[in-house]
Amino acid sequence: MNSAYTNEEIKHLNGKNLPERGPRCDKCGLIIPRFADLSLEKESEIRDLKKINSIQAIKLLMDETGCDMRWAKLWINHASGPYPANDGPPCPYCGVNLRTEKAKQCFHCHRDWH
């Protein structure tokens with residue numbers, strides 16, 4: 001389920017758990033919370049602030065949504081959305097999928113073939 005959390009719902013959760021709804025990041029495996037009561041304007045402001053000062057962006061997100069620091073950090077670290085899965089061919093050395101078709105280095109085993 002990908003529905004967004006309301007501020008009221010977040011208040012009742014009391015920061016006991018990590019989010020259970022939202023898009024999953026293929027890179028880290030965590031679920032990224034979505035906030036129903038966060039306006040597009042405020043979301044844009046937070047994303048812009050993140051480029052300058054991540055701590056202030058986290059504080060502003062916490063103030064706007066009522067989420068705890070773990071949720072805010074998770075959202076801030078994935079402000080552009082979840083990272084996609086590696087879709088490239090398998091590494092010729094370890095077999096883990098490379099990030100792209102043109103990759104010349106494996107970020108898993110650190111071998112390269114430039």
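Which residues have the most contacts inside the largest nonpolar core? The close-ups below, all taken from a predicted model, start there.

**View 1. The largest nonpolar core.** This core has 18 residues, and the ones with the most contacts inside it are Phe35, Ile46, Leu61, Cys67, Trp75 and Ile76. H4 gives the largest share, with five residues.

**View 2. Leu61 and its contacts.** Skip the neighbours within four places in sequence, and Leu61 is in contact with Phe35, Leu38, Ile46, Gly66, Cys67, Ala72, Trp75 and Ile76. Leu61 is also one of the residues with the most contacts inside the largest nonpolar core.

**View 3. The buried residues of H4.** Here the buried residues are Trp71, Ala72, Leu74, Trp75 and Ile76. Their cover includes helix H1 (7-13), helix H2 (40-52) and H3.

**View 4. Met62 on helix H3.** Met62 sits in H3, which runs over residues 54-65. Its relative accessible area is 25%, so Met62 counts as partly exposed; the cut-off for buried is under 20%. Again leaving out neighbours within four places in sequence, Met62 is in contact with Cys67, Asp68, Met69 and Ala72.

**View 5. Met62 and Lys73.** These two are 11 residues apart along the chain, and their C-alpha atoms are separated by 9.5 Å.

Key
Residues are numbered from 1 along each chain as its sequence is written. This is a predicted model: local features need pLDDT of at least 70, side-chain atom pairs count only at pLDDT 80 or more; totals for chains, interfaces and linings use all residues. Side-chain values use heavy atoms; hydrogens and water are left out. Helices (H or I, at least four residues) and strands (E, at least two) are DSSP runs, numbered from the N terminus. Buried means under 20% relative accessible area, exposed over 50%, partly exposed in between (1.4 Å probe, protein chains only). Contact means heavy atoms within 4.5 Å. A nonpolar core is a set of buried Ala, Val, Leu, Ile, Met, Phe, Trp, Tyr and Cys residues joined through side-chain atoms within 4.5 Å.
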